[in-house]
Amino acid sequence: MKTRIEQIQKEIVKRKANAMIVTKLANVRYLCGFTGSAGILLIYPKKAYFFTDFRYESQAAQQIDGAEVVVYKRSFSHELETNIALKPAAKILVEAAAFTLEQVEALKRVWSNSELIASANVVEPVCAIKDANEIKLHKKAAAITDQVFEKVLPLIKPGVRELDIGAEITYLHRKLGADGDSFEPIVASGWRGALPHGRASEKKIKSGEFVTLDFGCYYQGYASDLTRTIAVGKVNAKQREIYDIVLKAQVAAIKAAKIGMKTAELDAVARDIIKAAGYGDRFGHGLGHGLGIDVHSWPRVSAADPNILKENMIFTIEPGIYIDKFGGVRIEDDVLLTPSGAKSLNKAPKNLLIV
């Protein structure tokens with residue numbers, strides 16, 4: 001953990017700032033180990049402080065690594081104002097997507113001469129490169145989700161509600177040792193498959209429909225994210241055509257991924273296949289996203305993303321086709337980028353399953 005904070009300290013100096021305040025809890029956890037719901041990191045170039053309240057005093061004492069723990073009685077801003085050990089910084093990096101207006105106003109009141117610099121992707125590129133233990137935890141999370149897919153397949157049949165499948169996924173994740181779901185399970189059958197984020201509903205599954213299952217878990221804080229689309233009872237020619245296109249695009253993208261590749265270039269591998277088949281306008285989201293303590297982490301793997309893929313990044317590859325009144329198909333794996341290419345962490349079958 002200390003090494004992670006040291007990387008941020010180098011970034012503070014590089015950006016010619018005097019401190020950084022980290023408020024995004026996933027980043028706080030990554031940098032110092034805290035798993036609670038109330039914590040802030042203040043990082044100077046040579047020192048770091050972790051702030052929390054009385055509820056987490058014992059937990060912080062056990063978990064925090066690389067930062068001095070400060071348990072405040074009133075608030076973070078009041079501690080800045082009254083604690084003589086905390087020196088006002090002239091230029092402070094704050095996380096643009098996580099630092100609230102309320103926090104901005106409170107900080108301005110106590111450190112009125114400080115300049116707040118709204119910043120993006122300071123911590124995230126550090127999080128994106130996984131160490132050996134993080135890779136191990138991601139693999140375990142993926143293995144649990146693969147097991148859940150295997151166990152839930154026999155339950156998918158005509159007359160069963162999507163909600164019942166979603167509930168079973170959540171139960172099985174816990175039963176198999178996960179911390180819990182990494183997001184609310186998506187179960188989208190029939191026409192609802194055209195909704196890329198169609199969370200489980202009261203709709204009952206029917207024969208002849210596709211069912212898209214998109215779910216994942218956290219294992220010791222690290223996320224998995226799997227999508228499979230299966231058929232119930234039978235498939236027609238149109239369904240098989242769409243499925244085969246998406247599978248071709250997904251497999252090609254996994255095969256093409258390599259260190260040094262632009263994320264936009266990888267997105268294009270799958271997108272060009274879907275476009276050539278005549279469904280380019282039906283693939284409306286990016287190819288994937290990073291995985292970590294957050295299930296949707298940096299970098300995005302999309303046409304709009306200018307970043308470069310690096311060794312030991314873990315991200316998803318999940319092309320899809322979505323057609324109103326018909327439904328949709330999405331296939332997703334979690335992959336680890338190695339010197340020999342992308343290695344899927346998932347073992348769940350990708351051939352078209354008919355249940």
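Student: How far is the sulfur of cysteine 127 from the closest cysteine sulfur, and in which residue is that sulfur?

Tutor: The closest cysteine sulfur to that of cysteine 127 belongs to cysteine 32, 11 Å away, which is too far for a bond. A disulfide is defined here as a pair of cysteine sulfur atoms within 2.5 Å. By this rule the count is zero disulfides. Before we continue, please note that this is a predicted model, in which local features need pLDDT of at least 70, side-chain atom pairs count only at pLDDT 80 or more, and totals for chains, interfaces and linings use all residues. Residues are numbered from 1 along each chain as its sequence is written, and side-chain values use heavy atoms, with hydrogens and water left out.

Student: Are cysteine 32 and cysteine 127 buried or exposed?

Tutor: Cysteine 32 is buried, at a relative accessible area of 0%, and cysteine 127 is buried at 16%. Buried means under 20% relative accessible area, exposed means over 50%, and partly exposed is in between, with a 1.4 Å probe and protein chains only.

Student: Which residues of H2 are buried?

Tutor: In H2 the buried residues are Ala26, Asn27, Val28, Tyr30, Leu31 and Cys32. Because six of the eight residues of H2 are buried, the helix is largely enclosed by the rest of the structure. Helices (H or I, at least four residues) and strands (E, at least two) are DSSP runs, numbered from the N terminus. Glycine 33 follows H2 and has a positive phi, near 95°.

Student: At what angle do H1 and H2 cross?

Tutor: The axes of H1, residues 2–14, and H2 cross at roughly 115° and come within 6 Å. Axes are lines fitted to C-alpha atoms, for helices over the stretch in contact, and angles run from 0 to 180 degrees between N-to-C directions. Arg4, Ile5 and Ile8 of H1 meet Tyr30, Leu31 and Cys32 of H2. This contact of H1 with H2 has five nonpolar residues, no polar ones and one charged. Contact means heavy atoms within 4.5 Å. As for the classes, Ala, Val, Leu, Ile, Met, Phe, Trp, Tyr, Cys and Pro count as nonpolar, Asp, Glu, Lys and Arg as charged, and the others, Gly among them, as polar.

Student: Which residues is isoleucine 64 in contact with, leaving aside neighbours within four places in sequence?

Tutor: Isoleucine 64 is in contact with Cys32, Phe34, Phe50 and Val69, with neighbours within four places set aside. Isoleucine 64 sits in the loop between helix H3 (57–63) and strand S4 (68–71), and is buried at 14%.

Student: Changing topic, what is the volume of the largest pocket?

Tutor: The largest pocket has a volume of about 440 Å³. On a 1 Å grid over the protein atoms alone, a pocket is an open set of points where a 1.4 Å probe fits, with protein on both sides within 12 Å along at least five of seven lines, and lining residues have an atom within 4 Å of a point. Grid points are joined across faces, edges and corners, and a volume is the space filled by probe spheres set on the points.

Student: Which residues lie nearest its centre?

Tutor: Of the 29 residues lining the largest pocket, Lys24, Asn27, Asn121, Glu124 and Trp298 lie nearest its centre. Helix H2, helix H6 (124–128) and strand S14 (297–301) each supply at least two residues of that lining. By class, the lining has 15 nonpolar, six polar and eight charged residues.

Student: And what lines the second largest pocket?

Tutor: The second largest pocket is lined by 19 residues, with His197, His285, His289, His296 and Glu318 nearest its centre. The volume of the second largest pocket is about 310 Å³.

Student: What kind of peptide bond joins tryptophan 298 and proline 299?

Tutor: A cis peptide bond joins tryptophan 298 and proline 299, with omega about 5°. Proline 299 lies in strand S14.

Student: What is the phi of asparagine 121?

Tutor: Asparagine 121 has a positive phi of about 55°, although it is not a glycine. Asparagine 121 is partly exposed, at 34% relative accessibility.
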